[in-house]
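Subject: A structure for you to explore

Hi,

Please open it first, and then read my notes below.

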Amino acid sequence: MTTGPTVAVFSLGGTIAMTTVSDAREQVEWPAEGRGRPRSVGAGGEANGGGAVSDAREQVEWPAEGRGRPRSVGAGGEANGGGAPGATGAVAPALSARELLDSVPGLDALGIRLRVHDVRRLPGASLSLADLDALYTTVAAELDGEAGAVDGVVVVQGTDTIEETAFYLDVIHSADAPVVVTGAMRNPTQPGPDGPANLYAAVVCAASSRLRGAGCVVVLGDEIHAARTVAKSHSVSPAAFVSPGAGPLGLVAEGRVWLHHSLPPRMVSPATAAAPAIASDVRVGLHTVTLGDDGEALSLLGAGCDGLVVAGFGAGHVAAAMVPKLEELAARIPVVLTSRTGSGPVLARTYGFPGSERDLLERGLISGGDLSPYKARLLLHRLLAAGCKPHGIAGEFAARTVSR
Ligand SMILES: NC(=O)C[C@H](N)C(=O)O
């Protein structure tokens, strides 16, 4: 029996769990029926049509008997032992969490006990906030579980949404045990898949005492990124994950965590940690301003939202034509101002023209500081779901700016 640290691994799917499907058209119909309805999948890893949900009790210990290489499956679910005749070569998430762990060389030698959960088998793009709330309920059960608390948590998922999911988990998660999100840019059928190495590094991080109190971090390419800063910066490169303006927190080498910086301030607050069950009722829109934008699309979007994030030009600017519409919206719902540039803060007191950051903040918009539009949207969602009023929302954003 292993006596080292214990890590809980949760798989949501993504490229790391993808394998060839016999008919690409079947993918288009995903999420399959039954999405959102808890349904148990065998721990042995049989494909289930994607999006199926395991029961939280469907927890398996690892290592286990029957380890083997990932295999090709039909999208309908049956294993086909290496690609059906006429296979298109298209891939979809089908591998179980246990199959993913089985593909990682050297994991057994770490002496880390793993508790494994299949939660979803979805591409990152199809994950919802309700999926994340459900995930975190299961994570929380592991954090103070009857079987003994785990030392850390690994979440495996599609990379398309990691910069958002990791931040969402970061504003919920208050325990000391780190939550480490990982995935892969190359699927297991390609040369040089990065999934096994990423999973290995993620398990090392989750078990490391050096990351206790770190909140949620993202680990890919042996780099450790804070959830607050991480961004997917490339559509296909295995080095897609970066932290613009901040750099990685550290790296994993020789099975150890090396930190370049002290741990970042926590993103969680009593307001953001509150009540996930009501979160799905809230709708927060994101509007990216573009050249020639007259604000019509913004007004239409704002009409159906409880809150809005505006990704402005540069340091937080919009066309003068948009200003009356934004002011009108800001009088009705919280409107958070961010930059569409991908790095750096919105300013507060530099530019004075109509539509400048200063003008917009004076008209009631809330500064998103240096949070990316995607992260600001999730924070606003969480605060609205907790019933925060505009003043409280502005304070929560201010508490998360770089200049603290
Ligand atoms: N590399 C990846 O994981 C991309 C994939 N489309 C996903 O997010 O599920």
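The largest cavity has a volume of about 60 Å³. A cavity here is a set of points on a 1 Å grid over the protein atoms alone where a 1.4 Å probe fits but cannot get out, and its volume is the space filled by probe spheres set on the points, which are joined across faces, edges and corners. In total, the structure holds 3 cavities of 30 Å³ or more. Residues lining the largest cavity (an atom within 4 Å of a point) include Asp-170, Cys-216, Arg-228 and Met-267. Its lining divides into 7 nonpolar, no polar and 3 charged residues, where Ala, Val, Leu, Ile, Met, Phe, Trp, Tyr, Cys and Pro count as nonpolar, Asp, Glu, Lys and Arg as charged, and the others, Gly among them, as polar.

Before you go on, please note that this is a predicted model, with local features needing pLDDT of at least 70, side-chain atom pairs counting only at pLDDT 80 or more, and totals for chains, interfaces and linings using all residues. Residues are numbered from 1 along each chain as its sequence is written, and side-chain values use heavy atoms, leaving out hydrogens and water.

Now for the ligand. Its shell (residues with a heavy atom within 4 Å) divides into 4 nonpolar, 5 polar and 1 charged. A polar side-chain atom of Thr-159 sits 2.7 Å from a ligand nitrogen atom, and a polar backbone atom of Gly-124 is 2.8 Å from a ligand oxygen atom.

Enjoy exploring!

Note on methods:
Polar contact = N/O pair within 3.5 Å; in protein donor to acceptor, adjacent residues only side chain to side chain. 1 Å grid on protein atoms, 1.4 Å probe; cavity = no way out; pocket = protein on both sides within 12 Å on 5 of 7 lines; lining within 4 Å.
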